[in-house]
Amino acid sequence: MSHHIVEAIELCHRYGDGTQALTEVTFRIHHGESVALVGANGAGKSTLLQHFNGVLLPTSGAVRIGEVPLVKETLRDIRRTVGMVFQDPDDQLFSPTIGQDVAFGPLNLGLPPADVEARVRAALDRMEALSLKDKPAYRLSAGEKRRAAIATVLSMTPDILVLDEPTSGLDPRARRQLIGLLRAFHHTKIIATHDLDMVLDLCPRTLVLHEGRVKADGATREIFADEALLAACHLEKPLTMQGCLMCGEKRGI
Amino acid sequence: MVNLGDRFRDLGRMDALGSQESTLHRLDPRAKVLVTAAFALVVSSFGRYEVSGLLPFALFPVSLAILGEVPWGYLLKRIGLALPFMLVLGALNPVLDREVLLHVGPLAITGGWLSSFSMVLKLVLTVASAVVLVATTGVDGVCQALERLGLPQVFVVQIGFLHRYTFVLAEEAVRMLRARELRSNGHGLTHREFGPLAGHLLLRTWDRAQRIHQAMLARGFDGNFHMLRRSSFGPRDLLFLFAWCAIFLLLRIVNFPMLMGSLVSGGG
C-alpha cells in the first residue's frame, strides 16, 4: 500500500450558507506526481485544498489519502501524511522563533528532543533557511517566511505536500529559488496557483477547476495550448508560451 | 497616526537586543526573571516617604545594562514612554498631603511631594529593570522562564501569541489607517469612522485566528504545547541569583546615602 496517493471520488462540498463550492470532483493523483491546481478566483481551489487534510470534510463523495478514506477517525494519521503549506506564511509561523515553529510538528508527534532537533536542522537546511533558526518571524523577508513555512511542514516528513500559492508575493529571485527547491522534492506535490509559468517548470500534470467542477485534467502543455479552454476558465497562457512580445514570433513549445 | 508603524518596529528592536550574545544573555532566563522579581519586591517594600534609601538601587539596572550592552538611548526612551503614566499616578499626592516633613534650606517639602517623588522613583527603577530584563533575555526567554517557574502554560502561550501577532495586527491596522488617510483629504479620524475600522480589524483578527488554528491542527496539535527545553540552571546562575539578592537585602537594611551623609557631617 502506498501512502502517496490522493484521490477524490465525486467530491461535493456545500458551505453552510448554501454556496455550492465543489461539484462531483473526481481525480486520482499517483505516487510522486506533481500536479498543478489552476482556476480563476472563486473556482474552488482553496476549498479543494482544505479537503486534503480534513480542515473541511466532504458534503458527499469521498477523499482518500493512500487508500485511507478521510474521516474524523483517520484525521490524525492523514495530517501526518499530508503537509499543508498555507497561502499566508504569517498564519503558519506562530511561534516566537522559526526553530520553535519547525519543532512544533515533531514535538506534537511525541518525538524525543534529540530527534526533534535533528529534524528541525534537516528541514531548515533543506529549505536553505538554517540561518533563520533563532529569528522571530516578523524579522523575515517574504521569501524567507515562505521557505520557513515550508520547513515547518517538512519537519513532519510528510509523503504528500500541498502548497497554496507558494510564489505569491515573492520577488523574481526568491521565486526562482523556491521553484528550484520544490523541484528537488520527491514528494507527491499538489500546487494551487495562478503562476502558470511555475506550473510549466514544476508540474507535468494540471487540473483545471472552473465553478467548482474539474474542467480539464491532463498534460500541462496540452492544457495550456488549448486557448479555448483557457479562455472559458478565465485563464491566460503562461508568458513563456505566448508569442514574443517584441517581434510577434511564436516560440516553439 | 501612521507613524504607529515606527513604534512597532521599535518594539521589534527589543527582540534584536534579546538575541545578542553577552555574559548576561547567556545566563539562564529563570535566574534573571527571579532576580528582577526580587528587585521589584524589595524596591516596593520601602516606605512611602523613602527617597534616599532607594537611590542605590539604580545600581542594579545600570550595571545590568552595562553588562548586557543595552544602549542607553534605548533604555531612556522606554522609561520616557512609561513616565507620563507614572506622573499621573503620583500627581495627586502633593495636593492631598500638605504636611511639611522636611526643610531643605528655605524650601519646605511636604509629605505629598516626597511620597509622589518616592513613587515615581520606585516605578522608574522597576520599569528600567524590566526593560533590561527583556533586552537581555527576549520575550521568548522570559516566557520560557515563567513557564518553568510554574506559570500555567496557557498564560505563557497567550503572552507568546500576543507578542507574535502584535506585529501582524499592527501592520494590518497601519495599512487600514493609511488607506483611510490617503482618501481623507486631510480630515482627521472621527469616532463614526473609528467604529467600522475597529470592527473590521476585529473580524480580520478572528479570521486569522481561525487560520492559525487550522495550521496548528495540520501539524498535529492536540491541545498541549510541547516545548523544547534548552537552558540549564548552573552554578553561575545560582551565584547571580544569590549575589544580587544579598545586595538587595543589604541595601534594604542599610541606608547608604544617609550613612555617608552622617559620616561626612560627623567628620566635618
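Guide: In chain B, the C-alpha centres of domain 1 and domain 2 lie 29 Å apart. This is a predicted model.

Visitor: Which residues make up the two domains of chain B?

Guide: Domain 1 covers 1-149 and domain 2 covers 152-224. The bounds come from an automatic or database domain assignment.

Visitor: How do helices α3 and α7 of chain B pack, and at what angle?

Guide: Helix α3(B) spans residues 29-44 and helix α7(B) spans residues 111-148. Their axes are 8 Å apart, at an angle of about 150 degrees.

Visitor: Why are α3(B) and α7(B) called roughly antiparallel?

Guide: The label needs an angle over 145 degrees. The angle here is about 150 degrees, so α3(B) and α7(B) count as roughly antiparallel. The crossing of α3(B) past α7(B) is left-handed.

Visitor: What kinds of residues form the contact of α3(B) with α7(B)?

Guide: Eleven are nonpolar, seven are polar and four are charged.

Visitor: Where is Val134(B), and what makes it buried?

Guide: Val134(B) sits in helix α7 of chain B. Buried means under 20% relative accessible area. Val134(B) has 19%, so it counts as buried. Between Val134(B) and His163(B) there are 12 Å, C-alpha to C-alpha, and the two are 29 residues apart along the chain.

Visitor: Why is Cys143(B) called buried?

Guide: The cut-off is under 20%. Cys143(B) has 8% relative accessibility, so it is counted as buried.

Visitor: What makes Cys12(A) buried?

Guide: Its relative accessible area is 13%. That value is set against the limit of 20%, so Cys12(A) is buried.

Visitor: Why is Gly61(A) called partly exposed?

Guide: Buried is under 20% and exposed is over 50%, with partly exposed in between. Gly61(A) has 45%, so it counts as partly exposed. Gly61(A) belongs to strand β4 (residues 60-65) of chain A. From Gly61(A) to Asp226(A) is 30 Å in space, C-alpha to C-alpha, and 165 residues in sequence.

Visitor: What makes Glu211(A) exposed?

Guide: Exposed means over 50%. Glu211(A) has 62% relative accessibility, so it is exposed. Glu211(A) lies in the loop between β9 (205-210) and β10 (213-219) of chain A. Its phi is near 45 degrees, a positive value in a residue other than glycine.

Visitor: Where is Glu69(B), and why is it called exposed?

Guide: Glu69(B) lies in the loop between α4 (59-67) and α5 (72-90) of chain B. Its relative accessible area is 51%. The label needs over 50%, so Glu69(B) is exposed. Glu69(B) is not a glycine, yet its phi is positive, about 55 degrees.

Visitor: What makes Arg98(B) exposed?

Guide: Arg98(B) has 63% relative accessibility. That is set against the cut-off of over 50%, so Arg98(B) counts as exposed. Its place is the loop between α6 (93-96) and β1 (100-104) of chain B. Arg98(B) and Trp113(B) are 8.3 Å apart in space, C-alpha to C-alpha, and 15 residues apart in sequence.

Definitions and conventions:
Residues are numbered from 1 along each chain as its sequence is written. Chains are lettered from A and ligands numbered from 1 in the order in which they are written. This is a predicted model: local features need pLDDT of at least 70, side-chain atom pairs count only at pLDDT 80 or more; totals for chains, interfaces and linings use all residues. Side-chain values use heavy atoms; hydrogens and water are left out. Axes are lines fitted to C-alpha atoms, for helices over the stretch in contact, and angles run from 0 to 180 degrees between N-to-C directions. Helices (H or I, at least four residues) and strands (E, at least two) are DSSP runs, numbered from the N terminus. Angles under 35 degrees count as roughly parallel, over 145 as roughly antiparallel, 65 to 115 as roughly perpendicular and the rest as oblique. A crossing is left-handed if the near helix is turned anticlockwise from the far one by less than a right angle, and right-handed if clockwise. Ala, Val, Leu, Ile, Met, Phe, Trp, Tyr, Cys and Pro count as nonpolar, Asp, Glu, Lys and Arg as charged, and the others, Gly among them, as polar. Buried means under 20% relative accessible area, exposed over 50%, partly exposed in between (1.4 Å probe, protein chains only).
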